[in-house]
Amino acid sequence: MTTPTADIPPAPTPARRSWLRDHSELGVCVLLLALGALVLTDALTMDVDIAQRGPVGPRTVPLAVGAGLLLIAVLLAVDVLRGGRGQAETGEDIDLSEPADWRTVLLLAGVFLGAAVLIEPLGFPVAGALLFWGAAFALGSRRPDRDPLIAAVLSLVTYAVFNNLLGVPLPGGPLMGVL
């Protein structure tokens with residue numbers, strides 16, 4: 001019995017696979033291009049009537065970052081297509097033969113997600129303290145006498161700077177009346 005070959009895409013040729021492998025940095029260019037387009041789209045569709053206080057408003061930095069990302073994507077693509085290659089990691093503190101530490105990555109991801117979920121009901125000071133304490137724990141700190149205190153102070157200082165000095169309202173949660 002014969003199978004129709006019209007439905008099966010042709011396998012990549014070795015020459016094409018080699019060209020893609022030699023120009024793998026173009027994937028980073030595509031990522032930077034997409035990220036720049038996303039940032040610019042978001043900045044241009046942002047409602048700024050409430051926060052506008054002068055000629056430099058909330059759109060200025062996102063527009064500059066988005067334009068910079070697009071420029072870097074284009075410059076990197078030109079460099080890669082001209083034969084430029086990134087240098088291999090030569091850091092003496094990195095052992096490339098060791099596997100990735102997925103436990104730490106997953107712990108940090110869990111801490112970030114937990115803080116994102118808890119910031120609205122508990123407020124930034126509590127969620128931020130849990131974020132800082134959880135990140136310190138995930139990265140290896142095992143000082144239960146010191147870490148929660150540092151996390152609480154860091155979170156309260158961050159809240160005070162953003163909320164009171166910079167005028168960026170953060171959710172205070174149950175501590176709204178106290179702070």
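Which exposed residues does the face of α3 turned away from its buried side carry? I started my notebook with that one, and the answer is Val 61, Ala 64, Leu 71 and Leu 75. A reminder to myself before going on: this is a predicted model.

**Entry 1: the overall layout**

I counted the elements next. I looked up burial for the chain as a whole, and 20% of the 179 residues count as buried. The protein exposes about 13,300 Å², and carbon and sulfur atoms supply 69% of that area. I also checked contacts with a separation of 6 or more, and 59% of them come from residues 24 or more positions apart.

**Entry 2: helix α3**

Back to α3, which covers residues 60-81 and has 22 residues. I compared its reach with what is expected: from its first C-alpha to its last α3 spans 32 Å, close to the 32 Å expected at 1.5 Å a residue.

Then I listed the buried residues of α3, which are Gly 66, Leu 69, Ala 73, Ala 77 and Val 80. Why do they sit on the same side of α3? They cover an arc of only 75 degrees around the axis, and that puts them on one and the same side. I wrote the general rule beside this: an α-helix has 3.6 residues a turn, so residues three or four places apart point the same way.

What covers this buried side? I found that α2 (26-44) is included in the cover. Past the end of the helix I noted Gly 83, which follows α3 and has a positive phi, near 110 degrees.

I picked Glu 25 because it counts as buried, at 17% relative accessibility; the cut-off for buried is under 20%. Glu 25 is in the loop between α1 (14-22) and α2. Leaving out residues up to four places away in sequence, I found that Glu 25 touches Leu 76, Val 80, Arg 85 and Gly 86. One of these, Val 80, was already on my list of buried residues of α3.

Gly 86 belongs to the loop between α3 and α4 (102-122). Is Gly 86 buried or exposed? Gly 86 counts as exposed, at 56% relative accessibility. I then looked up the spacing of this pair: Gly 86 and Glu 25 are 61 residues apart along the chain, yet their C-alpha atoms are separated by 7.9 Å.

**Entry 3: helix α5**

I did the length check again for α5, residues 124-138. α5 has 15 residues and reaches 20 Å from its first C-alpha to its last, close to the 21 Å expected at 1.5 Å a residue. Its buried residues are Phe 124, Pro 125, Ala 127, Gly 128, Ala 129, Leu 131, Gly 134, Ala 135 and Ala 138. The cover over them includes α4 and α6. After α5 comes Gly 140, and its phi is positive, near 115 degrees.

**Entry 4: salt bridges**

How many salt bridges does a search of the whole structure find? I got two.

One joins Asp 145 to Arg 143, with the closest N and O atoms 3.3 Å apart. Asp 145 is exposed, with a relative accessible area of 57%, whereas Arg 143 counts as partly exposed at 39%.

The other joins Arg 146 to Asp 147, with the closest N and O atoms 3.6 Å apart. Arg 146 counts as partly exposed at 35% relative accessibility, but Asp 147 is buried, with a relative accessible area of 8%. Not counting residues up to four places away in sequence, Asp 147 touches Trp 133, Ser 141 and Arg 142.

**Entry 5: a nonpolar patch**

I found a nonpolar patch of about 720 Å², made by Leu 149, Val 153, Val 157, Val 161, Phe 162, Leu 165, Leu 166 and Val 168. I checked one member, Leu 166, which is found in the segment after α6 (147-165). Leu 166 counts as exposed, at 52% relative accessibility, and the cut-off for exposed is over 50%.

Conventions. Residues numbered from 1 in each chain as written. Predicted model: local features only at pLDDT ≥ 70, side-chain atom pairs only at ≥ 80, totals over all residues. Heavy atoms only, no water. Helix = DSSP H or I, 4+ residues; strand = E, 2+ residues; numbered from the N terminus. Expected span 1.5 Å × (residues − 1). Buried < 20%, exposed > 50% of the residue type's maximum accessible area, 1.4 Å probe, protein only. Arc of directions from axis to C-beta. Contact = heavy atoms within 4.5 Å. Salt bridge = Lys/Arg side-chain N within 4 Å of Asp/Glu carboxyl O. Patch = residues over 30% accessible without salt bridge, like charges linked within 9 Å, V, L, I, M, F, W, Y side chains within 5 Å. Areas by Shrake-Rupley, 256 points an atom, 1.4 Å probe, with all protein chains shown as cover.
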